[in-house]
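Please keep the sequence and the structure in view while reading.

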Amino acid sequence: MNRLGVLLLSLFLIAGIGCGKSAPDAAEAAAKPETTATPELPADVQDVAAVAKPETKEEVSESGENSEGTVTATGELVAPVTSEVAVRMPGRVGKVFADEGERVRKGQPLLTLETQYLSLELKRADAEVARAKASAADAGRDFKRKEELIAKGSVARAAYDRSQSAYDAAQAGVAAAEAARDLARQRLADAVLHSPITGVVAERRADAGERLGDATVAYVIVQTSPLKLRFQLPERYLARIKRGQTVRATVDPYPGQTFTGKVSVISGIVDPATRTVAVETEFANADGHLSPGLFARVEIDLGPIVEG
């Protein structure tokens with residue numbers, strides 16, 4: 001066999017081996033089912049998908065009312081009274097007894113003006129009263145004698161009339177002296193400025209030695225007991241809000257502590273812009289923990305809705 005024949009025989013054998021291998025491979029590939037690879041989810045999506053079903057909780061409406069009729073809201077504590085305390089008379093400040101931030105009681109002295117001259121005026125007024133009473137006593141004795149004499153016809157009528165007039169004038173003098181004395185006493189009392197309410201000193205506008213004019217405001221006192229809490233409720237609760245209903249409030253400075261008050265005022269006007277009704281409650285605040293201006297979270301029990 002020549003060299004060409006050997007070459008052709010080798011090529012034929014190689015082709016036959018290749019074809020013998022490709023047939024089983026093709027059959028095996030056809031027998032295998034096609035599989036589609038599932039794309040891997042991102043990590044954040046896997047976390048969300050792995051979360052269990054949410055626990056069942058008490059249903060709460062958008063307005064904050066639960067199934068038992070408890071409505072939640074937010075409000076602000078306000079002072080029912082803010083008093084600007086002014087002196088009743090001009091004078092120089094002698095002593096200051098209360099400073100800003102201090103709690104004061106109703107009737108507690110806040111400051112006093114210098115009273116040296118006022119004390120002297122009172123002493124002089126007392127002396128004038130004593131002198132007027134002495135003159136009135138003399139006039140009274142003379143008039144009594146004239147009455148006895150006129151009854152006997154031993155004194156002229158003109159003398160009797162003059163004695164009566166002198167006695168009446170002496171009595172009027174006593175009244176005038178007593179009025180002057182009372183005025184001096186009142187001026188001395190007015191020199192001491194007292195707090196008209198129980199509360200906290202918000203401002204002190206006077207210092208010792210400062211001269212104050214007539215009706216000058218020396219202190220600003222804010223009432224803290226009781227305090228008012230004002231908040232808004234949607235208009236649909238208007239028929240269910242009643243005076244005297246219990247209100248619970250919590251504030252950030254005292255976490256875990258609940259303060260209890262009562263509904264005192266219900267506005268009869270609906271705000272057209274917010275469709276809400278203003279509600280005002282009163283808290284005794286005897287311990288003084290609550291302060292005006294504090295933000296409060298409110299709960300009020302309106303009771304379940306009664307369907308007619």
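A pocket is an open set of points on a 1 Å grid over the protein atoms alone, with protein on both sides within 12 Å along at least five of seven lines. The model to which this term is applied here is a predicted one.

The account may begin with the second largest pocket, whose volume is about 150 Å³. Which residues line the second largest pocket? The lining consists of Val85, Ala86, Val87, Arg88, Ala189, Asp190, Val192, Leu193 and His194. Three elements each supply at least two residues of this lining, namely strand E2 (82–86), helix H4 (157–190) and strand E6 (192–194). The largest share belongs to E6, with 3 residues. By class, the lining of the second largest pocket divides into 6 nonpolar residues, 1 polar residue and 2 charged residues.

The largest pocket has a volume of about 260 Å³. It is lined by 14 residues, of which Pro90, Gly91, Arg92, Glu114 and Arg211 are the closest to its centre. Strand E3 (91–96) and helix H3 (116–152) each contribute at least two residues to the lining of the largest pocket. Helix H3 provides the largest share, 4 residues. In the lining of the largest pocket, 6 residues are nonpolar, 3 are polar and 5 are charged.

The aromatic residues come next. A pair of aromatic rings is described by the distance of the centres and the angle of the planes. How many aromatic pairs are there in the model? The count comes to 3 aromatic pairs. In one of them, the ring centres of Phe143 and Tyr160 are 5.4 Å apart and the planes stand at 35 degrees, so the pair is tilted; planes under 30 degrees apart would count as stacked, and those over 60 as edge-to-face. This pair links distant parts of the chain, with Phe143 in helix H3 and Tyr160 in helix H4, 17 residues apart. Both Phe143 and Tyr160 are buried.

Phe143 also forms an aromatic pair with Tyr167, and this pair is stacked, with 5.8 Å from centre to centre and 5 degrees between the planes. Here too distant parts of the chain are linked, as Phe143 lies in helix H3 and Tyr167 in helix H4, 24 residues apart. Are Phe143 and Tyr167 buried or partly exposed? Phe143 counts as buried because its relative accessibility is 11%, and buried means under 20%. Tyr167 is partly exposed, with a relative accessible area of 25%. Through these ring pairs, Phe143, Tyr160 and Tyr167 are linked into a cluster.

Attention may now turn to the backbone, beginning with a peptide bond. The bond from Ser225 to Pro226 is cis, with omega near 0 degrees. Pro226 is located in the loop between strand E9 (217–223) and strand E10 (227–234).

Arg275 is not a glycine, although its phi is positive, at about 55 degrees. Arg275 is placed in the loop between E12 and strand E13 (276–283). With a relative accessibility of 41%, Arg275 counts as partly exposed. Asn285, likewise a residue other than glycine, has a positive phi near 50 degrees. Its loop runs between E13 and strand E14 (295–301). Is Asn285 buried or exposed? Asn285 is buried, because its relative accessible area is 8% and the limit for buried residues is under 20%.

Lys262 and Ile300 are 38 residues apart in sequence, and in space their C-alpha atoms are 9.5 Å apart.

Technical notes
Residues are numbered from 1 along each chain as its sequence is written. This is a predicted model: local features need pLDDT of at least 70, side-chain atom pairs count only at pLDDT 80 or more; totals for chains, interfaces and linings use all residues. Side-chain values use heavy atoms; hydrogens and water are left out. On a 1 Å grid over the protein atoms alone, a cavity is a set of points where a 1.4 Å probe fits but cannot get out, and a pocket is an open set with protein on both sides within 12 Å along at least five of seven lines; lining residues have an atom within 4 Å of a point. Grid points are joined across faces, edges and corners, and a volume is the space filled by probe spheres set on the points. Ala, Val, Leu, Ile, Met, Phe, Trp, Tyr, Cys and Pro count as nonpolar, Asp, Glu, Lys and Arg as charged, and the others, Gly among them, as polar. Buried means under 20% relative accessible area, exposed over 50%, partly exposed in between (1.4 Å probe, protein chains only). Rings of Phe, Tyr and Trp (its six-membered ring) pair if their centres lie within 6.5 Å; planes under 30 degrees apart count as stacked, over 60 as edge-to-face and the rest as tilted.
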